[in-house]
Amino acid sequence: MIDVESLVQHAIAARQRAYAPYSNYFVGAALLCADGTVVYGCNVENAAYPSTICAERAALVSAIAQNQRDFVAIAVATKDGGTPCGTCRQVMSELGIEMAVYITDELGNFWTTSVRELLPYSFDPKSLEA
């Protein structure tokens, strides 16, 4: 069973670590792995804008580096409850299409969706089969 409130609070806390001097749009993510591990991510902007990494991808990449491969849920915290960008949706679809996604604002007001709902008809490894 997912402790959604706790996961949301972890994402809100991760948001405080973000480095966003250009957009001032701070994002935090808390990724719940199947073994109960929670991996954090925050957005890290760069003056060379394409070098910026989003909180969701930061959490996923960090989890992979920690040898995690099975993801249950991710909470994403922004000031206003903004949803993941298209690039993050694509990465989440490859690594956890069935993952629950909790979108929260800075006060902890959240709603629930899934990666599949955020990116229907996603491009996945099967799309590359000959």
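**Sheet, helices and aromatic pairs in a predicted model**

The place of isoleucine 64 is in helix H2, where helices (H or I, at least four residues) and strands (E, at least two) are DSSP runs numbered from the N terminus. This is a predicted model, in which local features need pLDDT of at least 70 and side-chain atom pairs count only at pLDDT 80 or more, while totals for chains, interfaces and linings use all residues. Residues are numbered from 1 along each chain as its sequence is written, and side-chain values use heavy atoms, with hydrogens and water left out.

Back to isoleucine 64: at 29% relative accessibility this residue counts as partly exposed, on a scale where buried means under 20% relative accessible area, exposed over 50%, and partly exposed in between (1.4 Å probe, protein chains only). Leaving aside residues up to four places away in sequence, isoleucine 64 touches Arg69, Phe71 and Leu95, contact being heavy atoms within 4.5 Å. Valine 39 is 25 residues from isoleucine 64 in sequence, and the two C-alpha atoms are 9.9 Å apart in space.

Next comes the sheet. Five strands make up an open sheet with mixed pairing, in the order S2-S1-S3-S4-S5; two strands pair if DSSP finds at least two bridges between them. S2 and strand S5 (110-114) stand at the edges with a single partner strand each, so one side of each has no neighbour in the sheet. From one strand to the next, the twist averages 20 degrees, with axes taken as lines fitted to C-alpha atoms (for helices over the stretch in contact) and angles running from 0 to 180 degrees between N-to-C directions. Strands of a sheet pair through backbone hydrogen bonds, either parallel or antiparallel.

At the S2 end, S1 and S2 pair in the antiparallel sense over five bridges, and glycine 28 stands opposite cysteine 42 in S2. H2 packs on the sheet and touches S1, S2 and S3, its direction making about 140 degrees with that of S2.

S3 and S4, by contrast, are parallel, again over five bridges, and valine 76 stands opposite isoleucine 103 in S4.

Strand S4 (residues 100-104) has five of its five residues buried, so the strand is largely enclosed by the rest of the structure. Both of its faces are covered, with Ala100, Tyr102 and Thr104 buried on one side and Val101 and Ile103 buried on the other. In a regular strand the side chains alternate between the two faces of the sheet. S4 also runs antiparallel to S5, joined by five bridges, and the bridge partner of tyrosine 102 in S5 is threonine 112. These two strands form a hairpin with five residues between them, and glycine 108 in the turn has a positive phi of about 90 degrees.

As for the rings, the count comes to two aromatic pairs, with Phe, Tyr and Trp (its six-membered ring) pairing if the centres lie within 6.5 Å; planes under 30 degrees apart count as stacked, over 60 as edge-to-face and the rest as tilted. Tyrosine 22 and tyrosine 49 have ring centres 5.9 Å apart and planes at 65 degrees, so this pair is edge-to-face. Tyrosine 22 lies in the loop between helix H1 (4-15) and strand S1 (28-33), and tyrosine 49 in the loop between strand S2 (38-42) and H2, so the pair ties together parts 27 residues apart in sequence. Tyrosine 22 is partly exposed at 43% relative accessible area, whereas tyrosine 49 is exposed at 57%. The pair of tyrosine 102 and phenylalanine 110 is edge-to-face too, because the ring centres are 6.1 Å apart and the planes stand at 85 degrees. Here tyrosine 102 is buried, at 7%, and phenylalanine 110 is partly exposed, at 30%.

Tyrosine 121, in the segment after helix H4 (115-118), has a positive phi of about 60 degrees although it is not a glycine, and is exposed with a relative accessible area of 85%.
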